[in-house]
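Biologist: I would like to learn how to read a model of this kind, feature by feature. Could we take the sheets and the chain contact in turn?

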Amino acid sequence: MNKEKVYSLPKYRIAYPGLLCPGCGHGIMANLMAIVLEEMDLGEKTVHVGGMGCTGYVTFTLKVDSTSVTHGTGPAIATGIKRGLNGKPFVFTYQGDGDAIAIGAGALVNAAARGEKITVIMANNANYGTTGGQMAPTTLIGQKTTTTPLGRDPELHGYPQRAAELIAQIEGTCYSARGSTHNPANVTKTKKMLKAAFQKQLDGEGFSFLEVLTACPTDWKKTPAESQKWIEEVMMPVYPLGEFKNISRKK
Amino acid sequence: MGERIWANGNQAVGWGAVSAGCLHFFGYPITPQNEVTEWFASELPKRGGSFCQGESEWSVAAMLFGCSGAGVRAITSTSGPGWGLMQEVLSGFAAAEVPGVIVNIQRGGPGQGTTLHAQTDYLSATRGGHGGYKSIVLAPNSVQEICDFVQLAFYLSEKYRVLGIVLADAIIGQMAEPLEIKTRDFGPLPEKTWATTTMQGKRPLRQIMPGWVIKPYVTGMAEFQKKYEKMQSEVKYEAIQVDDAELVLVAFGYPSRVCMDVVEMAREEGLKVGLLRPLTLWPFPAEVLHKKASQKGVKFLVVEDNLGQMIDDVNLAVLGKAPVHHLGVTARHLPTGSGMILPARVLEEVKKLI
């Protein structure tokens, strides 16, 4: 009997025991990043910078050189690698929203301002997943988390951060977009954005940034299916999808 | 014989780094080490290296981690508050066993403190930040030693995959002396088989992780214990007229220069005074101090420009076998930040004790 291969692990993905919850968006992103690394022939040239928390679990599933040190420092580590190896390696981070835009906001904004030739991918799941569902900078108004038990109140907790829009207005940024992982159509669109962001780094244009909406069913206390629906109906009105910046300085 | 120039200690950091083949600097301006940052900013691009001014010492330490983790020699320098900001990442270096060289040109603390000399980071440097780890800590007392110790810090840092810290102070950093620029050869180093240099189709992937996910926690701790014990063999000190001394001064950094004068002045007056100067603050030369303390009638006077930090290590070495006295920041000749512990004041204390 002839068997046709219809699915296998992407070349740069490791079959690591699942540390992610059912319905979690990080698994989709891990696969997507591995596929894009393969399609763009980047796996052998990459040093990946892992984030803290659940995003760190993704690091273990990528079959590329990787490193990590502390919560929030991803873009700074990436800067050191890129400069130390004289611009040769392909360097990207995968960080959560707390990592990238709360504790690491300074590192992110300033790496963008310096126009570092690196790519930062930020997963936005509107809460701190690993630590048990506390408020994140991306938590929506009214959203209940363990540190906003009555819902996020702007008077007390401030407003959600729109990272892709924020990073887009920094001069050193050449690409900034927001995608989602809640359905196949959007995964395909996000893949295109990922490729565009990676290409900007390869072209030496400057800093590229991609924010991705990812589900966190466990801490949202929803089923995986409800979670994907919640992204579409509740998150997307606050976090619109699309490209916010795509420029070329080189002619 | 290398080229001889006139340089200050802060510039000597730069000469030491490039002599060790380090072409990457990540830094953030802070007094009293600004000449270090400025030296690298002007000199590295000429040599094909890179200079990056980060937005905080925290980020700078992370940049150093990225670069060193990629197997490329890099350095940073800072002082008091910046040193504090770096601590979280430095603990990460220790956990991930990534080498790295950091120069701390100490200023007066705590807090923002002064922008002038002091020795208030001794305990912080020798004890380390959160989590409990050990770093090689070197204490130069001249411009030449800054240049040489920066090179030694690279060597020891890579030999043991720990941090190499050069702990100087504003006086050593800002004073100028003749400097011989010379590459020091300390011997071969193991290949960096852990560095994240990209796979390039030649080898399996490498992961540098600052947490206990790859191996069990206690296994990792046991390995650290073994490594830290082995590092004890790197103890270095300078003993000046210690053998027959009835009073041994113990000092590092600028006060050790002061104490060298004190030994001469005291000997001229027939007083048996010596100086034991640790060159490595960690590992600490405890054994030689313990041995000396066992001699009958010996006393120790620790001279350090703080409220008493190294004295803890001297007491631990001496273990009550001899009296240990302290002369610190309150013995400065002026009440301001520019006051110094001067030889006459130390001699006065010596005469009280002997």
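**Reading the sheets and the contact**

Modeller: This is a predicted model, and in chain B seven strands form an open sheet of mixed pairing, in the order 3-2-4-5-7-6-13.

Biologist: Which strands stand at the edges of this sheet?

Modeller: An edge strand is one with a single partner strand, and in chain B these are strand 3 and strand 13 (280-282), so one side of each is left without a neighbour in the sheet. Averaged over the sheet and ignoring direction, neighbouring strands are turned by 20° against each other.

Biologist: In what sense do strand 2 and strand 4 of chain B pair?

Modeller: Strand 2 of chain B and strand 4 (residues 74-78) of chain B are parallel and pair over two bridges; Phe25(B), for instance, has Ile75(B) in strand 4 of chain B as its bridge partner. Helix 4 of chain B lies across strand 4, strand 5 (100-106) and strand 7 (163-169) of chain B, and runs at about 160° to strand 5 of chain B.

Biologist: Is strand 12 of chain B buried or exposed?

Modeller: Burial is judged by counting neighbours, a residue being buried if 20 or more other C-beta atoms lie within 10 Å of its own. Six of the six residues of strand 12 (residues 273-278) of chain B are buried, so this strand is largely enclosed by the rest of the structure. Val273(B), Leu275(B) and Arg277(B) point one way from strand 12 of chain B, while Gly274(B), Leu276(B) and Pro278(B) point the other way.

Biologist: Which strands pair with strand 12 of chain B?

Modeller: Strand 10 (residues 237-240) of chain B pairs with strand 12 of chain B in the antiparallel sense over four bridges, and here Ala239(B) stands opposite Leu276(B). Strand 11 (residues 247-250) of chain B runs parallel to strand 12 of chain B and is joined to it by four bridges, with Val248(B) and Gly274(B) as bridge partners. Together with helix 9 (residues 254-268) of chain B, strands 11 and 12 of chain B make a right-handed β-α-β unit.

Biologist: How many residues does each chain bring to the contact?

Modeller: Chain B brings 34 residues and chain A brings 26 residues. On the side of chain B that touches chain A, helix 3 of chain B gives the most, with eight residues, and by class this side has 17 nonpolar, 14 polar and three charged residues.

Biologist: Which strands pair between the two chains?

Modeller: Strand 2 (residues 65-67) of chain A pairs with strand 9 of chain B in the parallel sense over two bridges, and Thr67(A) has Ile208(B) as its bridge partner.

Technical notes:
Residues are numbered from 1 along each chain as its sequence is written. Chains are lettered from A and ligands numbered from 1 in the order in which they are written. This is a predicted model: local features need pLDDT of at least 70, side-chain atom pairs count only at pLDDT 80 or more; totals for chains, interfaces and linings use all residues. Two residues are in contact if their C-beta atoms, placed from the backbone, lie within 7 Å. Ala, Val, Leu, Ile, Met, Phe, Trp, Tyr, Cys and Pro count as nonpolar, Asp, Glu, Lys and Arg as charged, and the others, Gly among them, as polar. Two strands pair if DSSP finds at least two bridges between them. Axes are lines fitted to C-alpha atoms, for helices over the stretch in contact, and angles run from 0 to 180 degrees between N-to-C directions. A residue is buried if 20 or more other C-beta atoms lie within 10 Å of its own, exposed if 12 or fewer, and partly exposed in between; C-beta atoms are placed from the backbone. A crossover is right-handed if, with the strands pointing away from the viewer, the path from the first strand over the helix to the second runs clockwise.
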